[in-house]
Amino acid sequence: MSSKSHHAIQPVGESAAISEQGPPPLVIVEGFLGGFGTQTRWGDFQNHWTDDSMAGGSSRRRRAIFVSVGPVSSLHDRACELFYALKGGTIDYGAEHAAHHGHTTQYGRTIVGSYPEWSKEKPLHFLGHSFGGPTITKMQWLLETGFFGEAYGPDMLLSVNTVSSPFRGTSVVYLLGERVDAAPLVRFWSVGNAITKVVHIISYLSPWTASHMDFHTESRGYSCREASFWSLIKTLWRSDWAESRDIAPYDCTYVSADTREAMGEGAVNPNTFYRSYAASWSTMKNGKFKPPAKDFWEEPVLYHYATPIANFDFMAVRPVPSFVAAMGEDIKVGGEGSEVYRENDGVVPRFSQWHPLPCKQTKCEHFHHSDLTNPSLSSSRENLGVENGSQTLPSPGKWYVYELRKAHHGSIAPTWLDTPRQRAFWKELGRWLRDVDLASGHCSSLAPM
Ligand SMILES: [Zn+2]
Ligand SMILES: [Zn+2]
């Protein structure tokens, strides 16, 4: 039934008429350094989720909306950009936030919204890869706290789906340059510092580079239209932005995650459906973690970081992360229960990919590893509550956590490789979204399977 043709994909910005008839669209938010060549890279995944909804014809297809948010920006800034990318209008980062965090103006660009009708009555599904996940939960927190105004609230998110997201921080930011003892300071000789310099140069040249590499820095006054060449040189020597608390790497530290959680950020909204996929490349065996050698050429950079992430010295982090305090000596390699903090997908440890907050402080249900390689997905369907042919629909207000075995940070997204696992993932996600539509009454007469 499903068309394999690339031409069948609906372009972004399709008329609102279709979205009114079809099921709620899925908004896709990319991770750190994401956003370059997005739609080409994500490929024809939409042709793999449509089997269930084809009965109504192509107008019943679920629309996918890609949004562009700052590839290295903080969760706060990205969450604001995400909101306005959908609703439309001039991005407002908030006067207080802008003044405290070195924005030269509280306003960003003016955007034509991809889904201006977005509301509690017309909510959206969201999918975040990596840092895109916490971007979505941050936006829900801002909606919850009235940041965008009283007219908007957390029920505007029908579902939150995440893949390999660093909700509770990740050790890799320290390996890349963040000081373990003094974040947000960054080591001078580090990969992170080198990335910063590239970002500043591209932002300085943004009048010409923005159409290819858009770092969304217009509210910081870094472009050559606003900043002198001398100020660029000073920034390259030492970047106030890179060593601030308003940038992505800092938001991936354990201290930033603890700060957010201490305020209650990341608690589930009772009317939103949540699902996360936690990937691990290998398992800890006898205190050792090593991805399969055959995967080296697939992801050499992630391969390089996987073992150091597993061996990371949590005891050196200051202030002491809450989970380290709770684990004590057991956080060390070989400690009882330490595996979930050490097994990783080459970027993020398993525990951080589950959901914000510790399990005891949120609502969650964890499912055993599923390698999602079997297109029939019988085991996953059982996990969803399909037994003896009778279907149990998912419940809102809790995280459904799925562990992906032998998977790295890029196994599912963002690059479409047309692997059996990717095809199975999208097919199953399509079913899950349909189940959520049914359970929440946002289903417009889809045919039964
Ligand atoms: Zn900011
Ligand atoms: Zn949990």
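**Close-up views of a predicted model**

**View 1. Helices α7 and α9.** The crossing of α7 and α9 is right-handed. In this predicted model, α7 covers residues 191–204 and α9 covers residues 229–237, and the two helices pack at an angle of about 165°. Their axes are 9 Å apart. Because angles over 145 degrees count as roughly antiparallel, α7 is roughly antiparallel to α9. From α7, the contact is made by Lys197, His200 and Tyr204; from α9, by Leu232, Thr235 and Leu236. By class, the residues of this contact are three nonpolar, two polar and one charged.

**View 2. Helices α3 and α5.** Helix α5 (residues 132–144) packs against α3 at an angle of about 75°. The separation of the two axes is 8 Å. An angle of 65 to 115 degrees counts as roughly perpendicular, and α3 and α5 are therefore roughly perpendicular to each other. On the α3 side, the residues in the contact are Leu75, His76, Arg78, Ala79, Leu82 and Phe83. They meet Pro134, Thr135, Lys138, Met139 and Leu142 of α5. The contact of α3 with α5 comprises seven nonpolar, two polar and two charged residues.

**View 3. Surroundings of valine 69.** Valine 69 lies in the loop that runs between β2 (64–66) and α3 (75–87). Valine 69 is buried, because 25 other C-beta atoms lie within 10 Å. Leaving aside neighbours within four places in sequence, valine 69 is in contact with Val29, Arg78, Glu81, Leu82, Thr135 and His216. Arg78 and Leu82, among these partners of valine 69, are also listed in the contact of α3 with α5, as is Thr135. Valine 29 is 40 residues from valine 69 along the chain, and their C-alpha atoms are separated by 7.8 Å.

**View 4. Residues 1–19 and 373–390, with the protein as a whole.** The average pLDDT of the protein is 87, and 86% of the residues score at least 70. Over residues 1–19 the pLDDT is below 50, and this stretch has 27 contacts in the model beyond near neighbours in sequence. Residues 373–390 also have a pLDDT below 50, with 23 contacts in the model beyond near neighbours in sequence. The protein has 17 helices and 11 strands. Of its 449 residues, 45% count as buried. Among contacts with a separation of 6 or more, 76% are between residues 24 or more positions apart.

How values were computed. Residues numbered from 1 in each chain as written. Chains lettered and ligands numbered in written order. Predicted model: local features only at pLDDT ≥ 70, side-chain atom pairs only at ≥ 80, totals over all residues. Helix = DSSP H or I, 4+ residues; strand = E, 2+ residues; numbered from the N terminus. Buried ≥ 20, exposed ≤ 12 C-beta atoms within 10 Å, placed from the backbone. Contact = placed C-beta atoms within 7 Å. Axes fitted to C-alpha atoms, helices over the stretch in contact; angles between N-to-C directions. Parallel < 35°, antiparallel > 145°, perpendicular 65-115°, else oblique. Left-handed = near helix turned anticlockwise from the far one by under 90°. Nonpolar A, V, L, I, M, F, W, Y, C, P; charged D, E, K, R; others polar. pLDDT = per-residue confidence, 0-100.
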